[in-house]
Amino acid sequence: MTGMTLIESPAARPTDASHDGLDWIAACHLTQLEPLWGEAVLLPDGSQAALFLLPDGRLFATDNFDPEAHAMVMSRGLVGTRTVDGAIRPTIASPLHKDVYDLETGRCYTSAHLALPTLPVRVRAGVVELRKS
């Protein structure tokens, strides 16, 4: 898959409140994602998210808006890792300013004043779902 994933199909709309009582938004089928390759998702409210699938199967979602460059580009960033306190953390580096963010927490390792919002993400019945905070 390349480019922007548009949420227009019946499978890609807000899903029912589920076991946890929260509203989730279907984004795409898990099989449409490639490891280490970000994909942008246009959400029903017009905002954008970036999805990242790691080779070990972990899935992360962040805002697609680069807080330093003020552009919707995080899905085009470089996926990597950083060792922090002895733990290997999954990261995304902005394609424009190269700021490095933790994919799980949104913490910026290169500029303390920056943070990248993260979104809860899950896979249910082969469909990647996001929850907007």
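A search of the whole structure turns up zero disulfides. Cys28 counts as buried because its relative accessibility is 6%. Cys108 is buried too, since its relative accessible area is 7%.

| Residue | Relative accessible area | Class |
|---|---|---|
| Cys28 | 6% | buried |
| Cys108 | 7% | buried |

Please keep in mind that this is a predicted model. The pLDDT of the protein chain averages 88, and 83% of the residues score at least 70. Residues 6–14 have a pLDDT below 50, although this stretch has 20 contacts in the model beyond near neighbours in sequence. Where pLDDT is low, the predicted coordinates should not be read in detail.

Now for the overall layout. The protein chain has 13 strands and zero helices, so reading along the sequence gives β-β-β-β-β-β-β-β-β-β-β-β-β. Of its 133 residues, 45% are buried. Taking contacts between residues at least 6 apart in sequence, 45% join residues at least 24 apart.

Let us look inside next. In soluble globular proteins, nonpolar side chains tend to be buried together. Here the largest nonpolar core has 14 residues, and those with the most contacts inside it are Leu33, Val41, Leu43, Leu51, Val128 and Leu130. Two or more residues of this core come from each of β2 (25–29), β4 (48–53), β5 (59–63) and β13 (127–130). Another core, of eleven residues, lies apart from it and includes Phe52, Leu54, Met74 and Leu103.

Which residues does Val128 touch, leaving out those up to four places away in sequence? Among them are Ile25, Ala26, Ala27, Cys28, His29 and Leu30, and the list also includes Leu33, Leu51, Leu59 and Val121. The buried Cys28 is thus one of the contacts of Val128.

Strand β3 (residues 39–42) runs antiparallel to β4, and four bridges join them. Leu42 has Gln48 in β4 as its bridge partner. Together β3 and β4 form a hairpin, with five residues between them. Within that turn, Gly46 has a positive phi of about 95°.

Key
Residues are numbered from 1 along each chain as its sequence is written. This is a predicted model: local features need pLDDT of at least 70, side-chain atom pairs count only at pLDDT 80 or more; totals for chains, interfaces and linings use all residues. Side-chain values use heavy atoms; hydrogens and water are left out. Buried means under 20% relative accessible area, exposed over 50%, partly exposed in between (1.4 Å probe, protein chains only). Contact means heavy atoms within 4.5 Å. A disulfide is a pair of cysteine sulfur atoms within 2.5 Å. A nonpolar core is a set of buried Ala, Val, Leu, Ile, Met, Phe, Trp, Tyr and Cys residues joined through side-chain atoms within 4.5 Å. Two strands pair if DSSP finds at least two bridges between them. pLDDT is the predictor's confidence in each residue, from 0 to 100.
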